[in-house]
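Morning, everyone. Please bring up the model on your screens. I'll take the terms as we go.

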Amino acid sequence: MENQTFDNSKLLSDDELVAMFFEENRQELSDDGFTQRVMEQLPSRSVRLNRIWTIVCSLLGIVFFILADGLTQLKVLFANAFGNLGGFVSSVDFTGLSPLMILAALTLCSALVACNFMADRKVFWR
C-alpha cells in the first residue's frame, strides 16, 4: 500500500471530492446494442393508448368547458376579482402614513432582498 499524503492547503467541497472520485474511477461498459434492442421490444401499443386517452380526456374537458359556459364564468370571475381589488384599494386609509414610514418600509424591503441575494449568491453564480 502506498503512503499517500493529503494537502490541507487546498480543501475541496464534498461535491468536488465526489466528482473527482467518479472521474478517477470511470468505467466504460459496452452494451453491444443491448439498449437499442430493449427499446425496440418495449410495447408501442401502450404508448398509442396513452396518447389516445390523453386526446379523449382533453376533448372531453374542452366540451365540458363549452357546455358549462366556461368563458362567461371566467369573465365573471376576473371582473369580480378586479372589482373587489379596486374596492379594497379605495377603502384603505392612507392618511395615517407619513412619507418617512413609506421610506422606512421600502428601505427594509430592499435590505431584505439584498440580504437574501447575498446569502444565495453561490446558487446564482454557478
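Let's begin with exposure: buried means under 20% relative accessible area, exposed means over 50%, and partly exposed is in between, with a 1.4 Å probe and protein chains only. By that scale, Phe21 is partly exposed, at a relative accessible area of 47%. Phe22 is exposed, at 53%.

A word on the source. This is a predicted model, where local features need pLDDT of at least 70, side-chain atom pairs count only at pLDDT 80 or more, and totals for chains, interfaces and linings use all residues. Residues are numbered from 1 along each chain as its sequence is written, and side-chain values use heavy atoms, with hydrogens and water left out.

Now the aromatics. How many aromatic pairs does the structure hold? Two. Rings of Phe, Tyr and Trp (its six-membered ring) pair if their centres lie within 6.5 Å; planes under 30 degrees apart count as stacked, over 60 as edge-to-face, and the rest as tilted. Take Phe21 and Phe22. Their ring centres are 5.4 Å apart and their planes sit at 65°, so this pair is edge-to-face. Phe78 and Phe82 form a stacked pair, with 6.5 Å from centre to centre and 25° between the planes.

Where do Phe78 and Phe82 lie? Both are in helix α4, residues 70-91, four residues apart, or about one turn of the helix. Helices here are DSSP runs of H or I, at least four residues, and strands are runs of E, at least two, numbered from the N terminus. An α-helix has 3.6 residues a turn, so residues three or four places apart point the same way. Phe78 is partly exposed at 48% relative accessibility. Phe82 is exposed at 58%.

Next, helix α3, residues 44-67.

Last, backbone angles. Most residues other than glycine have a negative phi. Which residue following α3 has a positive phi? Asp69. Its phi is about 55°, although Asp69 is not a glycine. Asp69 is in the loop between α3 and α4, and is partly exposed at 39% relative accessible area.

Asp32 also has a positive phi, about 50°, and is not a glycine. Asp32 sits in the loop between α1 (14-24) and α2 (34-41). Asp32 is exposed, with a relative accessible area of 64%.
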